[in-house]
Structure formats: structure tokens, C-alpha cells
Amino acid sequence: MHNMEQLMAKLPSLKYLELRLNGDVDLLNGQRWQTIMSRLSTFDFLFGLTIDVEVPDLDSFRSSFWLVEKQWFVAYDHGFLMSVSRFADTEVNEKLEVPALTTLPDKTIFYKNITDLILTEPLVTENYHFTRIQTLTLFNYIDLSSIERIVNLNRIQHLILCSKTICSELIFLIKQMPNLYRMSIRHKVQCHLQQISGESFEKILSLDIGNPYLDGDSSNNNDNYDIEQLSIIFSSVEHLCVDDWCSKMQIFHFINQFKHLSTASFLYSSGLFDAQETLAHSAEVQSALNQNRSLHQLDYTYRFDRQSVHIWL
Amino acid sequence: MVYCLLDTLPVELVHHLLKYFSAYEIFNTFSNVSSYIDNVLLTYSNYCVNFKSVAKKEFDFVCQRIIPDQVIQLTLSDDECTPGQVELFLSRFQINQFTNLRSLTLVEVGSDFWESIITKLIDLKNLRSFFYDSSNRTDTCVNKLSYDDIVVLDKQLFNSYSPILPQLNRLKLSHGDFFSSVQFPYLRHLILKDCKIDILKHICSAAPQLKSLQIELKYYQSCTEFCFLFDQLNRLVLRINGMNPTELVYQNIIF
């Protein structure tokens with residue numbers, strides 16, 4: 001704390017300050033902050049406290065200076081003291097773990113900040129309706145009415161399906177989200193495809209397929225999804241990211257089937273191969289890309305990074 | 001013959017309007033409207049080109065139309081949305097053709113291209129802002145160079161670009177390891193991803209006009225005492241990455 005006082009003494013013109021550092025427990029002193037920070041218009045911080053205080057006293061942060069004059073609300077969570085507006089988590093799962101200790105009047109302000117919601121089972125405890133969710137991740141099948149009860153579907157832009165079980169109301173779910181433009185299908189791609197076959201989701205501009213983090217479950221390797229069917233359902237995709245290992249054939253199949261691609265990324269490395277095999281495969285892909293480009297007089301460019309090849313079409 | 005109302009506007013007014021548009025928008029919207037406007041576009045010299053996350057067609061279109069000495073702002077990106085862009089760009093242009101460039105931003109540009117870009121910066125006499133954006137100092141690309149080679153290259157290139165540093169108002173780099181020999185009389189905004197304490201001390205005397213500073217310090221075991229006086233500083237974003245949350249040694253730094 002003493003260091004902070006000295007710091008502020010050397011910065012006489014300061015108006016906006018953001019600090020992220022680890023510090024002593026004496027940083028939990030709202031009054032001392034008040035004396036040195038009164039001329040700031042913005043003060044955001046994330047302090048990792050060196051000693052985890054069980055139940056810290058946030059009363060010194062509840063004076064009228066903090067709550068009324070500056071409206072700088074703080075919260076304490078897992079050893080971190082933070083400014084709510086800047087550093088509070090925007091992601092939450094159905095357990096709804098928000099910082100219990102805070103100078104905010106109630107928890108709803110935390111909920112208002114949530115933009116990412118992860119559901120593995122239906123929410124039963126709270127009756128809160130999240131209105132600003134932009135990314136919804138579903139780990140298991142959850143019935144549509146349960147989802148609608150807790151989330152405002154209008155704002156959702158990105159839907160991530162990790163479910164190993166099939167969501168039979170998937171078509172309805174997608175149609176109920178007018179602003180959805182990005183989808184990620186992480187598991188059981190072929191099964192999901194069967195659920196939505198015959199449909200056409202032209203609003204989806206960005207598509208991610210597959211899961212780079214193979215969890216030992218080899219079912220992903222046997223997930224032979226129909227690329228053509230994918231391209232018919234998601235015909236307008238401009239950004240494609242395939243996080244499953246792709247053969248040379250598959251890469252070109254994707255590029256040829258999706259007619260509106262602007263960027264495409266494919267995984268060329270895999271946990272199943274050793275370094276030499278991976279290198280050989282990347283060289284194979286590279287020469288195929290070059291060959292294809294000169295053969296058909298195309299002008300795409302590409303770049304390899306450690307795991308994937310990225311193509312700009 | 002179609003009479004175009006825009007023809008009644010004096011050139012200065014059209015220039016004023018064009019300031020609100022990016023280069024792509026100007027070429028796309030204002031071309032072939034009338035011969036008067038076409039002429040104005042030819043003489044306009046404040047084009048702002050931003051190639052971050054653009055479609056390839058847009059990139060090709062703008063590259064065909066721009067005249068380098070009429071560009072004042074340029075952003076190049078080799079990230080996952082536009083892989084291979086920088087190589088393609090450099091096959092068409094050299095950076096020192098952009099003689100009136102005031103602001104250059106490089107996003108995820110790998111070390112393979114550093115030399116061809118950085119060594120030419122010294123010719124850009126009007127450059128006032130340089131941002132180098134990279135997620136990882138050693139770069140996520142598969143480089144032809146090893147990490148050690150990159151470190152050596154970084155140091156060598158410093159001699160190429162250090163002469164332009166004093167003329168800058170705004171600067172963003174991954175680190176400021178070689179700054180101790182440089183003065184920054186006009187610098188107002190500085191962002192360094194990784195800053196050493198002695199460099200920070202140097203900056204507080206070398207950059208007297210500094211208004212905004214954003215840095216990350218790695219805390220070290222050895223405690224160096226220094227003074228951290230920035231009397232013009234208006235905005236500070238400071239992150240100190242402690243080696244271990246239970247280490248209190250940083251207390252010995254006297255700010």
C-alpha cells in the first residue's frame with residue numbers, strides 16, 4: 001500500500017489508472033485509497049492478494065466516496081480484489097458462481113455483465129433471465145423451454161455445441177436466434193448433421209468443426225461427417241475452421257464445396273502422429289496447395305503455424 | 001448527359017468528406033461517379049488503408065488502386081484472417097514507397113518479413129506512429145529462423161529503426177530492451193508488452209511529454225530502486241507479473 005502511495009505521489013497529472021498486480025493484504029483499505037485516488041476519474045484494478053483472506057472486510061469500500069461519488073464497485077473472489085466493471089468475469093456456467101463478496105447492492109449487476117453462458121444441465125436454482133448473452137455453449141441436451149426461460153435468445157451470436165447427446169430441437173433452437181452468425185460443432189458432427197439435414201442456415205457465416213483437444217475418446221476420429229452435406233446446410237459460410245485432423249483430400253474437398261469461403265483453417269498436426277509424420281504431412285499439404293494454385297490459376301495465399309494451415313481465399 | 005451534383009463542390013470540401021472513409025470505401029463508392037470526382041480521387045493524398053481482417057478481393061482491389069505516396073495510414077496483418085497477406089503485399093510494394101506515411105501498424109507480422117520492412121522505415125520522414133502488434137515475441141508462425149536467431153535479428157534491426165524513434169508520437173512494441181540509448185522528445189503514447197525496470201527509469205527522463213503509458217513488468221528477484229516520476233502522465237495501465245503471489249519482494253521498489 002505504501003508503494004501505491006509513493007506511486008501516486010510521483011504521478012501528479014494522472015486521471016486514468018489501471019493496475020494488475022499482486023499485493024499485500026493492506027490493499028484492502030478503502031480509506032487509504034480514497035486519500036490518494038480522489039483526483040482520478042477512472043480507477044480499475046485487479047489485485048492478487050498474497051494471503052487469502054477468508055472473509056475480508058469490504059466496509060472501507062462502502063463509503064459515499066466509493067459508492068456514490070465515484071461509483072467504483074469492488075468485489076472479492078478467490079483471493080482477488082477487483083473493480084467490478086473492468087475485471088469481473090463475463091463467463092459463467094449454470095452454477096452461477098459470482099463473487100459473493102461485493103460492494104454492489106445485489107448480484108444482478110454481475111449477471112448483466114455475463115456474455116458467455118455454459119450449460120451442462122438446466123438451471124433450476126435461479127429465476128434470472130440473462131439478457132446479454134452473446135455466446136451459448138451447450139454440453140448436454142437441454143430442452144428448448146428451459147433454455148428460453150433463462151436466456152434471451154435474441155442477442156446470441158455464437159452457439160457452441162459440445163453435446164455428446166443429440167439435441168433434437170436443434171433446428172428450432174437455431175431458428176429462434178435471429179442474430180446467430182457463428183456455430184461451433186465440437187463433438188459428434190455427423191449425428192448433429194443428421195438432426196439438421198434438409199435445412200439451410202444461410203445466416204451462419206462462421207463455422208468451426210471438431211475439437212483439437214482429443215480427450216482420449218477416439219470417437220472423434222471415427223466421426224466421418226459428410227462434407228458435402230455440411231456445405232449444403234451451411235451454404236453461406238465465409239470463415240471455416242476445422243479443428244480435426246484433415247487429410248489433403250479433405251482440405252480440398254472443403255475448399256471446393258464451400259463456395260463463399262474467405263478464410264479457412266485446417267489442423268495438420270495431430271496427437272496421434274509423431275513430429276516427423278506431422279512435418280511430412282505439412283509438406284504434403286503445402287505442395288498440394290501450391291500445385292492446385294498453379295493448376296487452376298487461383299490466387300489464394302496461405303500460412304502455416306504450429307498446428308494449422310490458414311488459407312486466405 | 002448526367003449532371004452530378006457533387007461536381008459543384010469545391011475540391012477542399014470533397015477532401016473533407018473523404019476524410020471519413022477508408023481507402024476501400026472511397027474507391028468502391030466514389031469511383032466512376034463523374035470525371036471531376038475521379039480527378040479529385042487522383043489528387044487526394046490522405047488515404048487510410050487498413051488490411052486487417054479484410055476479404056482477399058478487397059485487398060487486391062485496393063492494392064491495384066492505391067498510389068503509395070498518397071497513403072498516410074497503413075495497417076498490414078498476417079493473422080489467421082489474412083494469412084500470407086504481408087508476403088503478397090511486399091511483392092507489390094516496398095515500404096519506403098510510402099513516403100508520406102504518418103502511421104504504420106503491423107499485426108502478427110513474422111520475423112521473416114522484419115528485415116524487408118524495418119530497414120526501410122528510416123525513409124519515412126513523416127512517420128509519427130508505429131504499432132507492432134504481436135501475440136508472442138517469438139511468433140506463432142513456423143519460422144525459418146530459430147528463437148536464438150530471432151533474438152539476434154531483433155538486436156541488429158534496432159540499429160535500423162532507432163533513428164526514427166525520436167520522431168514518433170505514438171509507439172507500440174513488444175519490448176523496449178534497447179531503448180537506453182534513445183531519446184523520445186515527442187512521444188505521447190507508449191505501449192510495451194514487456195518492460196524492464198531500468199528501461200522504465202530511462203523512459204521517465206527520455207520522454208518528457210508522455211501522456212499515456214501501458215506496460216507489463218516482470219518482477220525480478222533483485223530489487224532495484226528507482227524513481228518513477230512522470231509529471232505529464234495522464235493515463236497509466238500497469239501490470240506487474242509476480243513470479244509467485246506469496247513473494248513480497250517487490251515492496252522494495254521505491255516508486
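The model is predicted, so local features need pLDDT of at least 70 and side-chain atom pairs count only at pLDDT 80 or more, while totals for chains, interfaces and linings use all residues. Residues are numbered from 1 along each chain as its sequence is written, chains are lettered from A and ligands numbered from 1 in the order in which they are written, and side-chain values use heavy atoms, with hydrogens and water left out.

Student: How many residues of chain B are in contact with chain A?

Tutor: Contact means heavy atoms within 4.5 Å. Chain A contributes 34 residues, and the number from chain B is 41.

Student: What area is buried between chain A and chain B?

Tutor: Buried area is the accessible area (1.4 Å probe) that two parts lose on being put together, summed over both. Carbon and sulfur atoms give 55% of the total, which is about 3400 Å². Of the area that chain A buries against chain B, 22% is supplied by Lys10(A), Arg303(A) and Trp312(A), more than by any other three residues. The area asked for is about 3400 Å².

Student: Which residues form the salt bridge between Lys56(B) and its partner in chain A, and what is the N to O distance?

Tutor: A salt bridge is a side-chain nitrogen of Lys or Arg within 4 Å of a carboxyl oxygen of Asp or Glu. Across this interface the rule finds 1 salt bridge. The side chains of Lys56(B) and Asp299(A) meet in a salt bridge, with an N to O distance of 3.5 Å.

Student: Which element gives the largest share of the side of chain A that touches chain B?

Tutor: Helices (H or I, at least four residues) and strands (E, at least two) are DSSP runs, numbered from the N terminus. Elements giving two or more residues to this side are helix H1 (2-9) and strands E1 (16-23), E14 (301-304) and E15 (308-312) of chain A. The largest share, 8 residues, comes from E1(A).

Student: Which strand of chain B pairs with E1(A)?

Tutor: Two strands pair if DSSP finds at least two bridges between them. Leu19(A) stands opposite Leu238(B). The pairing is parallel, over 5 bridges, and the partner of E1(A) is strand E8 (residues 235-241) of chain B.

Student: Through which helix does the chain cross from E1(A) to E2(A)?

Tutor: E1(A) and strand E2 (residues 42-49) of chain A pair in the parallel sense over 8 bridges, and Leu17(A) has Phe43(A) as its bridge partner. The β-α-β crossover is right-handed (with the strands pointing away from the viewer, the path from the first strand over the helix to the second runs clockwise). The helix crossed is H2 (residues 30-37) of chain A.
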